[in-house]
Amino acid sequence: MTEFQVIRATETYQQAGAYYVRIQAMARKYNIGLREEFDEYDTPQTKYIVVTDSGFPVATCRILKRSDETAEIGRVVVLEDYRGKGLGKLVMESAEQWIAELGFKTVVVESRDVAVGFYGKLGYLCDSSEPDDSGTFTCLHMEKHL
């Protein structure tokens with residue numbers, strides 16, 4: 001029986017779960033170096049959502065403050081064996097709830113082009129037709145008002 005638990009990861013050991021999921025599902029799969037995957041925004045003060053299955057981290061995202069009214073959800077990752085189980089949606093909804101509790105009014109996401117439909121189903125609108133091709137992936141800016 002699967003027991004998914006959502007954790008607001010603020011402790012180092014909890015954040016390690018977020019890092020694990022990112023390394024396994026993104027860095028290894030897409031050959032992204034650690035320096036590129038973990039940037040100046042990954043600090044002990046950064047907020048992460050981690051979903052666990054019987055205590056093992058299987059999905060995550062990172063929450064960043066962009067302005068007094070806007071937060072960004074990024075690094076949304078679900079381990080390959082757990083995809084298709086609604087964990088991406090669970091991570092996003094949990095992050096949005098935390099963001100709303102922190103007083104933010106708007107959430108932005110830099111969506112990979114292949115994930116625009118996923119975020120669209122969650123109420124995010126693409127506000128630009130110009131994709132950003134400057135990184136590893138082609139991304140589009142999307143936002144949602146809470």
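Predicted model: local features only at pLDDT ≥ 70, side-chain atom pairs only at ≥ 80, totals over all residues.
**Chatting through strand S2 and the cores**

Student: Is S2 largely enclosed or exposed, and why?
Tutor: Largely enclosed by the rest of the structure, because six of its seven residues are buried.

Student: Which strands does S2 join up with?
Tutor: Strand S1, residues 4-9, runs antiparallel to S2, with six bridges joining them. S2 also runs antiparallel to strand S3, residues 56-65, through seven bridges.

Student: Which residues stand opposite each other there?
Tutor: Arg8 stands opposite Ile49 in S2. On the S3 side, Val50 has Thr60 opposite.

Student: New topic: how many residues are in the largest nonpolar core?
Tutor: There are 28. Ile49 is among those with the most contacts inside it, along with Ile73, Leu87, Met92, Ile99 and Tyr124.

Student: Which element gives the most to this core?
Tutor: Helix H3 does, with six residues. Elements giving two or more also include helix H1 (12-30), S2, S3 and strand S4 (70-78).

Student: What about Met92, what is it in contact with?
Tutor: Setting aside neighbours within four places in sequence, Met92 is in contact with Ile73, Val76, Val109, Phe118, Tyr119, Leu122 and Tyr124.

Definitions and conventions:
Residues numbered from 1 in each chain as written. Heavy atoms only, no water. Buried < 20%, exposed > 50% of the residue type's maximum accessible area, 1.4 Å probe, protein only. Helix = DSSP H or I, 4+ residues; strand = E, 2+ residues; numbered from the N terminus. Pairing = 2+ DSSP bridges. Core = buried A, V, L, I, M, F, W, Y, C linked by side-chain atoms within 4.5 Å. Contact = heavy atoms within 4.5 Å.
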